[in-house]
Amino acid sequence: MGVAQPKTGTDSEPQAEVPAAGWRKVAAARHPRRPRCSDFIAALFSDFIELRGDRCYRDDPAIVGGVGRFEGHSLVVLGHEKGREAKERVSRNFGMPFPEGYRKACRLMGLAQRLGLGVLALIDTPGAYPGLGAEQRGQMQAIARSLEVMLTLEVPTVAVVIGEGGSGGALALGLADRVLMLENATYSVISPEGCASILWHDPAKAGEAAAALRLGAWELAQEGLIDEVVEEPEGGAHVCAAATFASLARALARHFSEIRRWNPRARVAKRLARFLACGRYEEAELAG
């Protein structure tokens, strides 16, 4: 499958020449016409009812969620929403949640637990908002709480990286029984620009960082960090959104059908073991 080529002059292109393969993945995940979380919800769910607010401070538009029906089953769906037009993107803080966004997510996941509903999380964020107000209101605690809630849910959970999966802001919705990625999505502990700034003190080396981070879907599948790569149309999801929605719907129906057959306590144990195993390695003596 092909990926969208980075366009000169976009806000997602480094200012110097970079390794093409690594940056193409990032440019495709950030494409301005790529389907957003709300587009997936509208296409995949019927009778969707949005639920707002964290019951503590305010509603965070950077995370949307609610209850709807998918393939005859009621599910709680939630995810990062970047918005489309400039005004909406600003109002949704470009998909970077505040603590109240993650507290809303926890509230919705708690609702799923009480009602025995599965959870679908759609991930598309550069990362959690790092501003002063977010830190004052407990950003790290909110993310940690979201991680804890996801790990301990007894209901079936599936997470899908539909665009950018950046840092702890993405991981906060990613500790699911099954983790899927769209073919041109990215998932990483840090943005390429942030990585380049830290390692080389030069954001223009973001392309090199993207290649080194191995943040593409197929690379992460090879490492066993995700369960399935959902193919996109030639050119990317924005070329034919309907085909992307259909491809993801088939994958979700299959995974939810399998996970629903698991014993709830066994489900939690499997999920915990899966993520505790991430990053394990063995040391070996080199011959000679």
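Biologist: Which residues does Tyr57 touch, not counting residues up to four places away in sequence?

Modeller: The model is predicted, so local features need pLDDT of at least 70 and side-chain atom pairs count only at pLDDT 80 or more, while totals for chains, interfaces and linings use all residues. Residues are numbered from 1 along each chain as its sequence is written, and side-chain values use heavy atoms, with hydrogens and water left out. Taking contact as heavy atoms within 4.5 Å, and leaving out residues up to four places away in sequence, Tyr57 touches Glu100 and Arg137.

Biologist: Is Tyr57 buried or exposed?

Modeller: Tyr57 sits in the loop between strand 1 (46-50) and strand 2 (63-70), where strands (E, at least two residues) and helices (H or I, at least four) are DSSP runs numbered from the N terminus. Buried means under 20% relative accessible area, exposed over 50% and partly exposed in between, with a 1.4 Å probe and protein chains only. With a relative accessible area of 53%, Tyr57 is therefore exposed.

Biologist: What distance separates the C-alpha atoms of Tyr57 and Ile162?

Modeller: Ile162 is 105 residues from Tyr57 along the chain.

Biologist: Why is strand 4 (residues 118-125) largely enclosed by the rest of the structure?

Modeller: Gly118, Leu120, Leu122 and Asp124 lie on one side of strand 4, with Val119, Ala121, Ile123 and Thr125 on the other, and both faces are covered. Strand 4 is largely enclosed because, of its eight residues, the number buried is eight.

Biologist: Which residue is the bridge partner of Leu78 in strand 4?

Modeller: Two strands pair if DSSP finds at least two bridges between them, and strand 3 (residues 73-80) is joined to strand 4 by five bridges, the two running parallel. Within strand 4, the partner of Leu78 is Ala121.

Biologist: Which residue of strand 5 is the bridge partner of Leu122?

Modeller: Strand 4 also pairs with strand 5 (residues 157-166), in the parallel sense and over six bridges. Within strand 5, the bridge partner of Leu122 is Val160.

Biologist: Which helices do the buried residues of helix 6 pack against?

Modeller: In helix 6, the buried residues are Gln139, Ala142, Ile143, Ser146, Val149, Met150 and Leu151. The buried residues of helix 6 pack against helix 4 (99-115), helix 5 (132-136), helix 7 (167-171) and helix 12 (264-276).
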